[in-house]
Amino acid sequence: MKIGIIGAGQLGRMLALAGYPLGLRFVFVDQSGDAPGGQVGQIIVGAFDDPAALGKLAEIADVVTFDVENVPESVVSAIADRVRFLPPVEALATAQDRLAEKRTFAALHIPTPRFLPVATPEALELAVSQLGLPSVLKTRRLGYDGRGQRVLRGPEDLRPAWEALGGVPMILEAFVPFEREVSLIGVRRPSGETRFYRLSENVHHEGILAHSRAPFDDVALQSTAERHIQRLMDHLDYAGVLTIEFFVHEGQLLANEMAPRVHNSGHWTIEGAVTSQFENHIRAILDLPLGETRCNGHSAMVNLLSNLPPLEEVLAIPGAHFHSYGKGARPKRKLGHCTVVAATAADRDAALSQLLELAGHAADG
Ligand code: AMP
């Protein structure tokens, strides 16, 4: 059985690493022949909208999935006509457009920050008069890791932000002075069976995930988040792993965005849960029994950006693991991550401080 993955980044690579023990083989499409997946599978070199490369993938793979979200809907629809393609095209299309995404949340009674579509500078002024300042202006498409968005603090910020973001279709969101950010990862089989991981608490710097801790222990928020993601998965007739990122504001969940794929805030599941998000994604798209999502202890994950800390120093921390993605160093590039699993939250937090220091992050929350 051969799994095709559009994108050979670290997520694709970790999917392959999780799938080999199940006897699976992997083939990727990526613009770069030395993307992280290339060390663990074949790469068909081509752009994500290159019909020849994707056609070849559809020909040799039994099931196709993706580790990137910016594949044009028309292109994935064409693949989905030829080969089993999961998660469903509609989920990908919804996640690609922040307006469609927020409207889908709203239609399913999943609370979100207040938002308005903005298509012109005049509409932006009107939207600001309704939502107030500060607010966050985001491009509807192609925004990730803090790119494609600006915080508006004063009236003088509107025009420069509009122009800096390229005058493309956008949404304006009320700025949420959240207490914390959390994410829920769920997995669903085509038959409808679902499982959920424990909430992860996430800290971002400049829009990029810096570190996560799990489980975030809040019984009420956990069950509310599970009900939200269950409705979203059922609505999309979902198969695979799905993530929702939430703000916790005044003790309530507000959905920020969804990702129809394995997620950076779930990397702790490799060592910290009975079955990793990567293995469960593979199981789900093959309609195999899902694995247990229980935690093995208290976990933390630290992203390694820009450069990698010394392997030996990370591994000297009890319970720590190191994951390098095989990428060349570049400022702010995600080069790897490290995790720790401990018997208690206090031990986990002590190890997390050490990992943050080694990774060059400011020791914070
Ligand atoms: P996003 O690309 O939408 O995930 O945003 C990246 C990060 O920016 C989030 O994880 C938050 O830390 C911050 N952010 C995004 N939207 C808002 C908002 N409406 N209010 C406050 N912070 C936000």
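Trainee: Glu 250 lies in the loop between S14 and strand S15 (252-259). How do I read those labels, and what is the phi of Glu 250?

Mentor: Helices (H or I, at least four residues) and strands (E, at least two) are DSSP runs, numbered from the N terminus. Before the angle, know that this is a predicted model, where local features need pLDDT of at least 70 and side-chain atom pairs count only at pLDDT 80 or more, while totals for chains, interfaces and linings use all residues. Residues are numbered from 1 along each chain as its sequence is written, and side-chain values use heavy atoms, with hydrogens and water left out. Now the angle: phi of Glu 250 is near 50 degrees, a positive value in a residue other than glycine.

Trainee: Is Glu 250 buried or exposed?

Mentor: Here's the scale: buried means under 20% relative accessible area, exposed over 50%, and partly exposed in between (1.4 Å probe, protein chains only). Glu 250 comes out as exposed, at a relative accessible area of 63%. His 109 also has a positive phi, about 60 degrees, although it is not a glycine. You'll find His 109 in the loop between helix H5 (98-107) and strand S6 (115-118), and it is exposed, with a relative accessible area of 64%.

Trainee: Which peptide bonds are cis?

Mentor: Look at omega. The bond from Leu 86 to Pro 87 is cis, with omega near 0 degrees, and Pro 87 belongs to the loop between strand S5 (84-85) and helix H4 (89-96). The bond from Leu 133 to Pro 134 is cis too, with omega near -5 degrees. Pro 134 is in the loop between helix H6 (121-131) and strand S7 (135-139).

Trainee: Let's go up a level. Which domains is the protein divided into?

Mentor: Domain bounds come from an automatic or database domain assignment. Here that gives domain 1 (2-85), domain 2 (114-174) and domain 3 (180-363). Taken over C-alpha atoms, the centres of domain 1 and domain 3 are 23 Å apart.

Trainee: What area do domain 1 and domain 3 bury between them?

Mentor: Buried area is the accessible area (1.4 Å probe) that two parts lose on being put together, summed over both. For domain 1 and domain 3 the figure is about 1,800 Å², with 69% of it on carbon and sulfur atoms.

Trainee: What lines the second largest pocket?

Mentor: Definitions first. On a 1 Å grid over the protein atoms alone, a cavity is a set of points where a 1.4 Å probe fits but cannot get out, and a pocket is an open set with protein on both sides within 12 Å along at least five of seven lines; lining residues have an atom within 4 Å of a point. Points are joined across faces, edges and corners, and a volume is the space filled by probe spheres set on them. The second largest pocket has a volume of about 170 Å³, and its lining includes Arg 13, Met 14, Phe 278, Glu 279, His 323 and Tyr 325. Helix H1 (10-19), helix H10 (277-285) and strand S17 (320-324) each give two or more residues to that lining, and H1 gives the most, with 4. Domain 1 and domain 3 each supply at least three lining residues.

Trainee: How many nonpolar, polar and charged residues does that lining have?

Mentor: Ala, Val, Leu, Ile, Met, Phe, Trp, Tyr, Cys and Pro count as nonpolar, Asp, Glu, Lys and Arg as charged, and the others, Gly among them, as polar. The pocket lining has 6 nonpolar, 3 polar and 2 charged residues.

Trainee: And how many residues of H10 are buried?

Mentor: 9 of its 9, so the helix is mostly covered. Just after H10, Asp 287 takes a positive phi of about 55 degrees. Asp 287 is also one of the residues touched by Pro 190, along with Arg 84, Asp 237, Ala 239 and Ala 284, not counting residues up to four places away in sequence. Pro 190 itself is partly exposed, at 31% relative accessible area.

Trainee: Last one: how many cavities of 30 Å³ or more does the structure hold?

Mentor: The structure holds 1. The largest cavity has about 40 Å³ of space, and residues lining it include Glu 181, His 204, Phe 246 and Asn 256. Strand S10 (180-188), strand S12 (200-205) and strand S14 (240-249) are the elements giving two or more lining residues, and S14 has the largest share, 3 residues.

Notes. Contact means heavy atoms within 4.5 Å.
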